[in-house]
Amino acid sequence: MTHIDKVIFVCSNNSFLSPLAEAFYRSYGSDDLPECISRGMVVLFPEPINPKVNMMLVAKGEELSKHGNTVELSEEDLTDYTCILTMTLSEKVKVMEKFKTARVFTIGEFTKEATDILDPYGKEDEVYEEVFDAVLKNVKACIRRIKTINGGVGMIALGSDHGGYELKQDIIAYLEENNIAYNDYGCYDSASCDYPIYAKAVANAVAGGECTKGIIICGTGIGVSITANKVPGIRAALCHDTFSAEATRLHNDANVLTMGARVVGPGLALKIVETFLNTEFSEDERHIRRISMIED
Ligand code: RB5
């Protein structure tokens, strides 16, 4: 998936789910995000959106929807870089067939939640509540994913000692295959050397803003992690599984990943790198507060 310049949330008739997703996107997204509209697969005649959308938004203290009457998705809505997000797989298939575009995903597959969001029409209030929460959660995850796609991952600072040198070469190959820019701060061969030199070089490059994130490898990942974390502004996370790599980006906004080449094999290490680089910070208030409580 390349750059996104427009987001269209699509549901069956643009009455409840897609205007709700659009309202959340406007409230929780920042100004640098692509524009967003919502549409329906089939809208026989335009009518006001379901009043429950605004009733529920008001009840939860959210901003009101700015969407007017229901509108059917049409060719004119699409740009070359539109990303269409449907609520269900069958809507996705219909959009693909009708508009001959591959830039359409179910909201669940886009956010990796992988479940359809079903229209609660005619169901009890509790079902509406559950769906409301599911849409909010998914839209927040969509925003994070769009930011990652549009922002790229920036310049990566790499470093290792002799113990991590070979694994660093695998990481370099991965970054090159994926067109990710990097700067290698050494070491440059497998002769025995002192890990703090390279850990400090990477940490300084990230803290100084020359690079967006860093990856440092030694035998265990521990020495480089301890060293990097002494540099103000660095939150280095030692990760040997993808769960931790994802969680540390979501919760700690970690800006340096460290691994031990004597602990993980290259296959897992590359998955950890992929997860670390492609997960955006959650921006949740509680995590921002906790990070601000970490003293440099
Ligand atoms: C080098 O033998 C080893 O001590 C180093 O790579 C690292 O594991 C330190 O934490």
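Trainee: Which residues are around the ligand?

Mentor: Happy to start there, keeping in mind that this is a predicted model. The shell divides into three nonpolar, four polar and one charged residue. By name, the residues around the ligand are D161, G163, Y195, C218, G219, T220, I222 and G223.

Trainee: Which residue of that shell is the charged one?

Mentor: Asp, Glu, Lys and Arg are the types that count as charged. The shell has one charged residue, and its list includes an Asp.

Trainee: How is the protein divided into domains, and how many Å apart are their C-alpha centres?

Mentor: Domain 1 covers 6-149 and domain 2 covers 156-295. The C-alpha atoms of the protein fill a box of roughly 75 × 40 × 30 Å along the principal axes. Between the C-alpha centres of domain 1 and domain 2, the distance is 36 Å.

Trainee: Why do the buried residues of helix α9 lie on the same side?

Mentor: Helix α9 spans residues 242-252, and its buried residues are A245, T248 and R249. They lie on the same side of α9 because they cover an arc of only 95 degrees around the axis. In general, an α-helix has 3.6 residues a turn, so residues three or four places apart point the same way. For this helix, the value to remember is the arc of only 95 degrees.

Trainee: What is the phi of E283, and where does E283 lie?

Mentor: Most residues other than glycine have a negative phi. E283 has a positive one, near 65 degrees. E283 counts as partly exposed, with 15 C-beta neighbours inside 10 Å. Its place is the loop between α10 and α11 (285-292).

Trainee: Which peptide bond is cis?

Mentor: Most peptide bonds are trans. Look at the loop between β6 (182-184) and α7 (195-207), where C187 is found. There, omega is near 5 degrees for the cis bond from G186 to C187.

Terms used:
Residues numbered from 1 in each chain as written. Predicted model: local features only at pLDDT ≥ 70, side-chain atom pairs only at ≥ 80, totals over all residues. Near = placed C-beta within 6 Å. Buried ≥ 20, exposed ≤ 12 C-beta atoms within 10 Å, placed from the backbone. Helix = DSSP H or I, 4+ residues; strand = E, 2+ residues; numbered from the N terminus. Arc of directions from axis to C-beta. Domains from an automatic or database assignment.
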